[in-house]
Amino acid sequence: MLPRDVSFTALCDAMRAIVGGYGLVPVEVLRSLAAGAVHEGTARPLSDDEIGWLRQLADGVTVGRLAEWGGYSERMMFRLLAELYGRLGAENRTKALMRPRDEGWL
């Protein structure tokens, strides 16, 4: 879907793509799809830090303590963890810890 104030050039590019049998995917959609990748065998594996965060959370470490150890603000740590949970397909911390445990990553 193009915005109401789309430029003439962008409109022409979109029409050429449609007529040519191609689709235009917004960058935000592509980023979201790429972020859905999880551990091994995917486009975006979990980093060593992310696996460490999950292990520490499983051991009962608080988000505040993780932030302190990682040099982040607590708010930034919550954001990083929320993005990580999303990549794992989890709605909350508990579910985010279940998959890595089941997969043997923890």
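This is a predicted model: local features need pLDDT of at least 70, side-chain atom pairs count only at pLDDT 80 or more; totals for chains, interfaces and linings use all residues.

On the H3 side the contact is made by Glu 50, Trp 53, Leu 54 and Leu 57, while H5 contributes Met 77, Leu 80, Leu 81, Glu 83, Leu 84, Tyr 85 and Arg 87. Sorted by class, this contact of H3 with H5 comprises eight nonpolar and three charged residues, with no polar ones.

Helix H3 also packs with helix H4, residues 63–70, and the crossing of H3 and H4 is right-handed. Here Trp 53, Gln 56 and Leu 57 of H3 meet Val 63, Leu 66 and Trp 69 of H4, and by class the contact has five nonpolar residues, one polar residue and no charged residues. The geometry of the two pairs is set out in the table.

| Helix pair | Axis separation | Angle |
|---|---|---|
| H3 and H4 | within 10 Å | roughly 145 degrees |

Glu 50, a residue of helix H3, has a relative accessibility of 8%, under the 20% limit, and therefore counts as buried. Its side chain makes a polar contact with the side chain of Arg 87 at 2.7 Å, and the side chain of Glu 50 also reaches the backbone nitrogen of Ser 47 at 2.8 Å. Leaving aside residues up to four places away in sequence, Glu 50 touches Pro 45, Glu 83, Leu 84 and Arg 87; of these, Glu 83, Leu 84 and Arg 87 are also listed among the H5 residues in the contact with H3.

Ala 67 has its place in helix H4, and, with a relative accessibility of 1%, Ala 67 counts as buried because the limit for that class is 20%. Once residues up to four places away in sequence are set aside, Ala 67 touches Tyr 72, Ser 73, Glu 74 and Met 77. The C-alpha atoms of Ala 67 and Met 77 lie 5.4 Å apart in space, although the two residues are separated by ten residues in sequence. Met 77 is also one of the H5 residues that take part in the contact with H3.

Key. Residues are numbered from 1 along each chain as its sequence is written. Side-chain values use heavy atoms; hydrogens and water are left out. Contact means heavy atoms within 4.5 Å. Helices (H or I, at least four residues) and strands (E, at least two) are DSSP runs, numbered from the N terminus. Ala, Val, Leu, Ile, Met, Phe, Trp, Tyr, Cys and Pro count as nonpolar, Asp, Glu, Lys and Arg as charged, and the others, Gly among them, as polar. Buried means under 20% relative accessible area, exposed over 50%, partly exposed in between (1.4 Å probe, protein chains only). A polar contact is a pair of N or O atoms within 3.5 Å; within protein, one must be able to donate a hydrogen and the other to accept it, and residues adjacent in sequence count only if both atoms are side-chain atoms. Axes are lines fitted to C-alpha atoms, for helices over the stretch in contact, and angles run from 0 to 180 degrees between N-to-C directions. A crossing is left-handed if the near helix is turned anticlockwise from the far one by less than a right angle, and right-handed if clockwise.
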